[in-house]
Amino acid sequence: MNYAEIKKTDIANGEGVRVSLFVSGCRRGCKNCFNKIAWDFGYGKPFTEEVEEEIIAALSPSYIAGLTLLGGDPMEPENQRALLPFVKKVRARLPQKNIWCYTGYTFRDGAIEEPQANCEVTRELISLIDVLVDGRFEESLKDIRLKFRGSSNQRVIDVKRSISENNIVLYLT
C-alpha cells in the first residue's frame, strides 16, 4: 500500500487533535472529490514499518485524541489488508486512542454493503474502528455546515454500538 500524506496535528478529520493517514487508492471517483490525486493506488510513498512507527510516535502525546484513516479510500481491499496489522498494532500499543475512518463505501451489518469492497479482513478491520464516516461524496448534497462530512448523505457512525445493537447508530447526526 502507498500513502499520500500524514498529518500529525489534524483538527478537521475527527474530534480533537488527530494524526491522519491519507492512503492512496480509490475506485469510487466521486465528482469534485477533495483529494482526487490520491485515487491512484501508486501515488505517494510506500507504507513501511518505519512509517508505521513514525505514526505511532506522533500518536503518543496525551493531547492527540486518535488516528484517522482516509484517502483515497481505506476500505479498498488492498488498503484493508495493509491497514489491519497496523491498526492492531495501534490498538495494542495505544489502547486509549480512538480510530476514525472515512470511506466512500456504505457500512452495513459490520461490513461494507458493496461486495467489491469486502474481503477476508473487512469485518475484523471494521471491528477495530470507533467511528466510520461512510458514503460517497455527493456534490448535489454538499453542505459546509455539516460536521466531519462533506455531503448530507454521508453518515458519522458509532461502529462499536452499531455492531453491538445490530443496527446503525449514529455518532453524530
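Contact here means heavy atoms within 4.5 Å, and helices (H or I, at least four residues) and strands (E, at least two) are DSSP runs, numbered from the N terminus. The model is predicted, so to speak of local features takes pLDDT of at least 70, while side-chain atom pairs count only at pLDDT 80 or more and totals for chains, interfaces and linings use all residues. Residues are numbered from 1 along each chain as its sequence is written, and side-chain values use heavy atoms, with hydrogens and water left out.

Take helix H1 (residues 49–59) to begin with: its buried residues (under 20% relative accessible area with a 1.4 Å probe, protein chains only; exposed is over 50%, partly exposed in between) are Val 51, Glu 52, Ile 55, Ile 56, Ala 58 and Leu 59. They sit on the same side of H1 because they span an arc of only 160° around the axis, taken from the directions from the helix axis to the C-beta atoms. Glu 49 and Glu 50 are exposed, on the face turned away from that buried side. The cover over the buried residues of H1 includes strand E1 (2–10), E2, strand E3 (45–46), E4 and H2.

Strand E4 (residues 64–71) is itself mostly covered, with 7 of its 8 residues buried. Pairing requires at least two DSSP bridges between two strands. E4 runs parallel to strand E2 (residues 17–23), joined by 7 bridges, and Leu 69 in E4 stands opposite Leu 21. With strand E5 (residues 98–102), E4 pairs over 4 bridges, again in the parallel sense; here Leu 67 has Ile 99 of E5 as its bridge partner.
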